[in-house]
Amino acid sequence: MHRYFFTTKDTFINSGSNQTTGEDFKDKNTGQDEILELKKVFFDRTFSHPTRVLLQFDTNEIENYISSSVLPSDYKVNLRLYETEGTSGLTEEYKVAAYPLSESWDEGVGKEIDVPHTTDGCSWLYRKNREGASQISWTDAGGTYLSGSDEVTQSFSSESPDINMDITSVANKWFDGTNTNYGLLIRLSGSREQSTGSFEDIKFFSRQTNTIYSPKIELKWDDHLPATGSNTGSLITLDVSGNSENYLYPIHLREAYKENETVKFRFGARKRYIQKSFSTSVQTVSGSFIPHGKGAYSIIDMATNESVIPFSAYTTMSCDTTSNYFKQDLNAFEPNRAYKILIKVNHDDGQEIIYDNDFEFILRT
């Protein structure tokens with residue numbers, strides 16, 4: 001299963017100034033902007049300064065979910081950020097690093113377009129407001145983060161700039177109390193941040209966006225029950241040799257669900273064409289199951305065709321004596337949108353067939 005948790009605050013901080021007007025950006029806050037900018041700024045083809053991104057999540061919410069759901073110990077926690085403009089502003093290869101922050105910070109109320117720029121909230125120089133008693137400088141200009149041993153990274157090579165970074169090691173130190181959760185600092189890795197030979201300019205959606213692309217923590221684990229032994233009851237194994245055409249169908253799929261539901265989505269399977277015979281049983285016609293490890297599910301947002309739940313090692317179909325099924329917590333799905341379920345069946349001859357015959361539902365608030 002995949003379960004998502006959204007940021008509670010995010011912003012990006014700027015270490016430079018306007019080379020034309022001289023306006024200093026080091027105390028500028030962008031906490032309410034719809035974009036998070038991770039980039040190197042150049043002026044007249046000369047490197048000027050970098051920016052960095054700050055994010056924070058409610059780890060109590062995540063930890064409570066893990067405890068109450070009795071997750072296996074090998075769960076994974078990934079950071080998900082979605083880029084807005086494609087790869088035009090990128091070099092072919094680069095690395096992004098994330099560090100756990102060791103001090104608190106204020107998201108602030110500023111936007112990138114504010115004139116004059118807003119100083120109410122964190123910036124490159126200040127963790128909190130510039131004015132008054134809450135003025136506290138970062139001990140490392142641009143971010144007080146923990147030791148390098150807590151660094152996690154993701155490398156990119158001519159691919160989508162969306163961040164899908166394994167931060168399990170960082171998250172577990174929050175969960176067990178080793179570190180206090182003050183969020184993450186995202187930056188270009190190492191000397192890359194100030195090198196002159198590359199031109200990274202990456203814009204991610206922030207939590208202020210009115211899209212499905214808000215920053216997320218993705219919690220994922222394998223919760224499937226194998227389609228073997230007594231789990232399958234009297235069901236008959238579906239022919240996945242590749243020599244038969246099969247038919248998959250939803251069982252009691254509703255038109256709409258509530259966003260706070262955890263749903264068991266059931267799917268039946270059978271051969272598409274049944275040879276008529278007095279010996280044909282009910283189970284042969286409508287009671288087959290996809291063999292263990294051969295079926296997986298995905299859920300896509302129908303408006304964007306983007307995968308909300310991608311096919312992965314964590315989306316294997318389960319089985320009980322009634323049918324194949326999977327469970328999905330809908331809590332972090334965007335409401336008032338239409339979704340489609342895809343079922344992939346791997347055949348013995350190497351075919352991968354995806355079934356999407358109107359397996360659709362709407363999520364309501």
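**Figure 1. Cys122 and Cys319 in the predicted model.** Cys122 has a relative accessibility of 0% and therefore counts as buried. The structure shown is a predicted model. Cys319 is also a buried residue, and its relative accessible area is 0%. How many disulfides does the structure hold? The number is zero.

Figure 2. Lys9 belongs to strand β1, which covers residues 2–14. Is Lys9 buried or exposed? Lys9 is buried, and no salt bridge is found for this residue. The nearest side chain of opposite charge belongs to Asp106, at a distance of 5.1 Å. A salt bridge requires a side-chain nitrogen of Lys or Arg within 4 Å of a carboxyl oxygen of Asp or Glu. The side chain of Lys9 does reach a backbone oxygen, that of Trp105, at 2.4 Å. Leaving out residues up to four places away in sequence, Lys9 touches Leu54, Leu55, Gln56, Trp105, Glu107 and Arg207.

**Figure 3. Asp150 and its contact with Lys173.** Asp150 sits in the loop between β5 (93–100) and β6 (152–157). With a relative accessibility of 9%, Asp150 counts as buried, because buried means under 20%. Which side chain makes a polar contact with the side chain of Asp150? The partner is the side chain of Lys173, at 2.8 Å. Apart from neighbours within four places in sequence, Asp150 is in contact with Ala98, Pro100, Val170, Lys173 and Asn179. Pro215 lies 65 residues from Asp150 along the chain, and the C-alpha atoms of the two are separated by 21 Å.

**Figure 4. Pro335 in the loop between β19 and β20.** The loop that holds Pro335 runs between β19 (324–329) and β20 (337–346). Pro335 is partly exposed, at 23% relative accessibility. Which residues does Pro335 touch, not counting those up to four places away in sequence? They are Glu259, Leu363, Arg364 and Thr365. From Pro335 to Ser307 the separation is 28 residues in sequence and 16 Å in space, C-alpha to C-alpha.

**Figure 5. The salt bridge between Arg127 and Glu103.** Side chains of opposite charge can pair when their charged atoms come close. Arg127 and Glu103 form a salt bridge in which the closest N and O atoms are 3.1 Å apart. Both Arg127 and Glu103 lie in the loop between β5 and β6, so their pairing ties together parts that are 24 residues apart in sequence. Arg127 is buried, with 7% relative accessible area.

Figure 6. A search of the whole structure gives 21 salt bridges. One joins the side chains of Asp24 and Lys26, with an N to O distance of 3.7 Å. Asp24 is partly exposed at a relative accessible area of 34%, and Lys26 is partly exposed at 28%. Another salt bridge is formed by Lys203 with Asp201, where the closest N and O atoms are 3.1 Å apart. Lys203 counts as buried at 17% relative accessibility, whereas Asp201 counts as partly exposed at 29%. Which residues are linked in a network of salt bridges? The network links Lys40, Arg192 and Glu200.

Methods: Residues are numbered from 1 along each chain as its sequence is written. This is a predicted model: local features need pLDDT of at least 70, side-chain atom pairs count only at pLDDT 80 or more; totals for chains, interfaces and linings use all residues. Side-chain values use heavy atoms; hydrogens and water are left out. A disulfide is a pair of cysteine sulfur atoms within 2.5 Å. Buried means under 20% relative accessible area, exposed over 50%, partly exposed in between (1.4 Å probe, protein chains only). Helices (H or I, at least four residues) and strands (E, at least two) are DSSP runs, numbered from the N terminus. Lys and Arg count as positive and Asp and Glu as negative; His and the chain ends are not counted. A polar contact is a pair of N or O atoms within 3.5 Å; within protein, one must be able to donate a hydrogen and the other to accept it, and residues adjacent in sequence count only if both atoms are side-chain atoms. Contact means heavy atoms within 4.5 Å.
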